[in-house]
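Notebook open, viewer open. I want to go through the ligand site, then a sheet, then a couple of side-chain pairs.

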Amino acid sequence: MFNSVSRCNVNIIRVIELVDSMALPGVHRDRGELRIHESLDELSTDLADYIADLSEASVKERGVFAIALSGGSLIGLMGKLCEAPYIKTVDWAKWYIFWADERVVAKNHADSNYKLAKDGLLSKVFTLTSYFLPCCPSSASCNLSTFPICVPIVPSHVHSINDSVSAEEAADEYGFVIRQLVKTRMVSVSDISDCPKFDLILLGMGSDGHVASLFPNHSVLEEKEEWVTFITDSPKPPPERITFTLPVINSASNVAVVVTGESKAEAVHLAIDDVGPDSPSLPSRMVQPTKGKLVWFLDKPAASKLKSLQFSE
Ligand SMILES: O=C1O[C@H](COP(=O)(O)O)[C@@H](O)[C@H](O)[C@H]1O
């Protein structure tokens with residue numbers, strides 16, 4: 001049940017599968033797999049491996065990979081994807097990229113989740129061809145048999161929100177775009193509802209337990225009909241945001257929640273451990289994929305208040 005494993009040269013100090021068969025007092029069931037890391041560097045490598053593996057499996061099975069990003073610290077932790085070996089081995093041209101939440105600001109605004117991902121990640125993959133220019137087939141030193149077949153992310157596959165309309169309109173338009181892509185099956189559809197089934201949704205978590213732009217005690221948590229909705233009163237600035245709703249998040253094939261730092265340890269404990277009948281309705285605790293797989297990527301400080309970790313030490 002508790003394993004210390006080595007995966008692709010990464011020492012994950014604990015991989016804990018929280019499944020039905022577990023009967024440890026205080027440890028919540030069905031909270032997915034916990035991957036707890038000694039260092040941020042190791043967490044980043046494991047996260048890159050995880051995303052690259054899911055991308056490969058999805059491209060093999062469906063021909064495309066529909067991935068939704070979040071903002072915040074997640075993007076920095078995904079940075080290894082832009083390094084060897086992933087930069088060469090990931091089939092970037094097959095990626096369809098979305099955002100699980102976005103702040104309603106201009107795309108070049110410092111608060112924009114799109115800008116964060118573009119500067120920290122996408123721009124490095126958009127320019128992949130020039131990255132490999134020194135060994136392109138026209139170069140004298142190039143050996144065609146070893147020329148890496150790399151195609152960059154296709155700009156039209158990057159689905160960011162319209163930043164020139166209101167939050168409500170941006171959410172509506174974004175929902176419409178996703179609907180069209182579900183029709184053509186670039187994004188799969190859930191077999192138990194009409195919800196989109198993203199191949200992977202990546203979430204961060206705030207110290208208040210929010211995920212995407214689903215904040216504690218907000219009416220947005222009750223939204224059952226819309227795929228994408230909006231808020232104008234976010235407790236964390238900026239106030240206007242659009243967000244995937246819980247039904248969409250919980251319909252994904254894979255959901256990963258990436259959380260680091262001691263300031264989030266209490267929220268991690270409340271999101272994962274069995275805290276009894278008074279358990280708060282924390283958005284991160286409401287992330288419960290119906291048929292998909294949930295994985296938590298944690299560093300040791302973020303995991304420090306988990307009962308499951310204490311039992312295993
Ligand atoms: O406002 C937001 O915050 C969360 C968490 O961010 P972090 O910097 O504490 O990791 C993020 O996941 C979300 O996308 C963003 O809009």
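Predicted model: local features only at pLDDT ≥ 70, side-chain atom pairs only at ≥ 80, totals over all residues.

I count a residue as near a molecule or strand if one of its heavy atoms lies within 4 Å of it. Numbering runs from 1 along each chain as its sequence is written, and side-chain values use heavy atoms, with hydrogens and water left out.

**Ligand site**

I looked up what surrounds the ligand and got 15 residues, the closest being G71, S73, D101, K236 and K264. Next I checked polar contacts (a pair of N or O atoms within 3.5 Å; within protein, one must be able to donate a hydrogen and the other to accept it, and residues adjacent in sequence count only if both atoms are side-chain atoms). S73 puts a polar side-chain atom 2.5 Å from a ligand oxygen. For H210 the corresponding distance to an oxygen of the ligand is 3.0 Å, and for an N or O atom in the R241 side chain I read 3.1 Å. Of the 390 Å² of accessible area the ligand has on its own, the protein covers 91% (Shrake-Rupley method, 1.4 Å probe; for residues, only the protein chains shown count as cover).

**The sheet**

R241 sits in β11, opposite R103, so I followed that strand, using DSSP runs numbered from the N terminus (strands: E, at least two residues; helices: H or I, at least four). Three strands make an open antiparallel sheet, ordered β6-β11-β10; pairing needs at least two DSSP bridges between two strands. Between β6 and β11 I find three bridges, antiparallel.

**Side-chain pairs**

Where is D233 found? It is in the loop between β10 (228-231) and β11 (241-244). D233 is partly exposed because its relative accessibility is 45% (buried is under 20%, exposed over 50%, partly exposed in between; 1.4 Å probe, protein chains only). Beyond its neighbours within four places in sequence, D233 contacts H218 and P239, contact meaning heavy atoms within 4.5 Å. The side chains of D233 and H218 make a polar contact at 2.7 Å; the two residues are 15 apart in sequence and 9.3 Å apart C-alpha to C-alpha.

Last entry: H37, in strand β3 (residues 32-37). H37 is buried, at 0% relative accessible area, and its side chain has a 3.1 Å polar contact with that of D46.
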